[in-house]
Amino acid sequence: MKPLEIQRTTTASRVGAALAALLMAALVALPWVGDAGMMRMAVEFTALLVLAQMWNLLAGYAGLISIGQQAYVGLGGYALIVLADDLGVNPFVAVPLAGLVAAAFALPTATVVFRFRGGYFAVGTWAVAEVYRLLAANTDALGRGTGRTLKAVFPLARETRELGTYALALGVGLAALAAVYVYLRSRQGLGLMAVRDSEPASESLGVDVFRTKLLVYVMVAFGTGTTGALIYLNLLRISPDAAFSINWTAYTIFIVVIGGLGTLEGPIVGTVVFFLLRETLADHGAWYMILLGALAVVAMLRFPQGLWGLVAERWDIRFFPVQRRVRITK
Amino acid sequence: MAWLDTVVQGVLLGGLYALFATGLSLIFGVMRLVNLAHGDFSILAAFLAVVAVGASGLNPLLSLVVVAPLMAVLGYGLQWLVLDRLLGRGVLPAVLVTFGFSVIIQNGLLETFSADSRRLNPGGIETASLPLGGGLAVGWFPLLTFVVAVALLGGLQLLIGRTAIGRAFRATSDDGGTAALMGIDTRRVHGLAMALSLAIVAVAGIFLGIRTTFTFSSGPDRLLFAFEAVIIGGLGSLWGTLVGGVILGVAQTVGAKLSPGWGVLAGHLVFLAVLLLRPAGLFAPSRRVDT
């Protein structure tokens, strides 16, 4: 028998780590070299990137095609305002706590939506997100249809708030990326990818399919809810129609599909493309969405592996390798 | 009496929801495709009717003669050119592509027709009502909608049960591969199913546009109501879909009567309740339905 070796890192992943460290340094320096506008945009970028990573984990790895992730953006946003304004929690501390609230809602939600499979799971999650929107719009304490304003940050100086939000966004973004990477490389992550490839086969090898999916669904709700809170810490004003808008999920889906489903690099590439297009087409609101939709349709037909998939296939680059490769050493 | 009136209105509204649901259910039955743009196609049909009425002065009900075939051709084309290439690659591509359609249609309508709300005017029938005595009255138009829904469902049942194309639908639904071996052109069958689905949803869209105002973004709600009617009735049951639509319609009108903001929400909650108590729906056929 030839000696074998399981390879889990690549040259690209070492280069990638160095690049990531450089990028991190630049991001940490941003408050000193950039202006408030750049920082706000960086927060927005991070928020969309995390939403995309979360949706990618659901759809690209767990095979759960949710069209209802806006439920958790909205729940996180509202939880932030209730925690910070009504319960007196520090607004920055309230952001991850809001993620926990979203995760707590995800458990009972899962008992409903997990009854659907495939395409009907997509519509079912959408319907449940509408239920949350209508509940928020009919609750007096949440300001009904007009929503509420985050007042807890008013006493803070504007610079303090902006710097705090930026630092928090950086932390959330980095933590989300690291968590997804570590999770996918773990034993649990291997089980998840097995489930994605074949449910019956992974079940027969001892993977608990239901628990694996449920765990991912709740973790993703936590990440999405935290991001929702971050978004509304940045925006300060929340309303049910905006917070539970399908657009959150639409942007996310376009980012992941264009960038590359089922890879960690794909959502990063997708978010960059999304922002570049948005900055160029800022004056053509509807056309911008039509273009994104058309791009996603073309991507699904012509390059289902996304932009990053094309690159990775051509040059065999993986900055975040989650697979195990068997190499014959001799 | 006021409550009885509310329930009657809800039952008739259910006819409209059954119209929306039938097309959704049909293509799911034939090729396991969930069309997330289903509601948006109905609104597209309603806007096409606005154009047809504006150009020719046709009655909106008559504009169906133009709009329904147009939507059928669009359905056949989309199935042939795009959706059929995605079947067999798992659920995800088709779901995401139809979601892309949904966003494209909505924003296309916004760009073409602005965000103004529209309504189709059939010239009087929408306000006329039929007194039933005891202060109870039903509108002629909701009644017509219900009758059309029942007639369409009956027609569809005959089509599926008694004709060659219906047999091809059922064979493709049971096992596309074997159907193809028996000489059925499954690609054509898929195209025809989608054409029929969009023609029916065109009828639904135009009836909706006469009944109430609509905007470019009215589609997703229609998809959700259609989906809920299908699930309440039970997947694969044609008449169950009608009952599902009726239950949803009654829940919405009763909810709206309790509190104006609760109409749609009450419908969603009844749907969730049915889902938790009877996951297979009320009238699911005993045949196993793979999703």
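**Exercise 1.** Among contacts in chain A between residues at least 6 apart in sequence, what percentage join residues at least 24 apart?

*Solution.* Two residues are in contact if their C-beta atoms, placed from the backbone, lie within 7 Å. Among the contacts of chain A between residues at least 6 apart in sequence, 78% link residues at least 24 apart. For chain B, the corresponding value is 75%.

Conventions: this is a predicted model, in which local features need pLDDT of at least 70 and side-chain atom pairs count only at pLDDT 80 or more, while totals for chains, interfaces and linings use all residues. Residues are numbered from 1 along each chain as its sequence is written, and chains are lettered from A and ligands numbered from 1 in the order in which they are written.

**Exercise 2.** Describe the elements and dimensions of each chain.

*Solution.* Step 1, elements. Helices (H or I, at least four residues) and strands (E, at least two) are DSSP runs, numbered from the N terminus. Chain A has 14 helices and 4 strands; chain B has 11 helices and 2 strands. The order in chain B, from the N terminus, is α-α-α-α-β-β-α-α-α-α-α-α-α.

Step 2, radius of gyration. This is taken over C-alpha atoms, and the globule rule is 2.2 Å times the number of residues to the power 0.38. For the 291 residues of chain B the rule gives 19 Å, and the radius of gyration is 19 Å, so chain B is as compact as a globular protein of that length. For the 330 residues of chain A, the value of 20 Å agrees with the radius near 20 Å of a compact globule.

Along the principal axes, the C-alpha trace of chain A spans about 70 × 50 × 40 Å, and the C-alpha atoms of chain B fill roughly 60 × 50 × 35 Å.

**Exercise 3.** Which chain B elements form the side that touches chain A?

*Solution.* Step 1. The contact takes 35 residues from chain B and 33 residues from chain A.

Step 1. On the chain B side, α3 (60-86), α4 (91-113), α9 (219-233) and α11 (263-277) each supply at least two residues. The most come from α4(B), with 14 residues.

Step 2. Ala, Val, Leu, Ile, Met, Phe, Trp, Tyr, Cys and Pro count as nonpolar, Asp, Glu, Lys and Arg as charged, and the others, Gly among them, as polar. The chain B side then divides into 26 nonpolar, 6 polar and 3 charged residues.

**Exercise 4.** Is A:Ala194 buried, exposed or partly exposed, and what is it in contact with beyond four places in sequence?

*Solution.* Step 1. A:Ala194 is placed in helix α7 (residues 187-197) of chain A. A:Ala194 counts as partly exposed because it has 18 C-beta neighbours inside 10 Å.

Step 1. Leaving aside neighbours within four places in sequence, its contacts are A:Ser202, A:Leu205 and A:Val207.

Technical notes:
A residue is buried if 20 or more other C-beta atoms lie within 10 Å of its own, exposed if 12 or fewer, and partly exposed in between; C-beta atoms are placed from the backbone.
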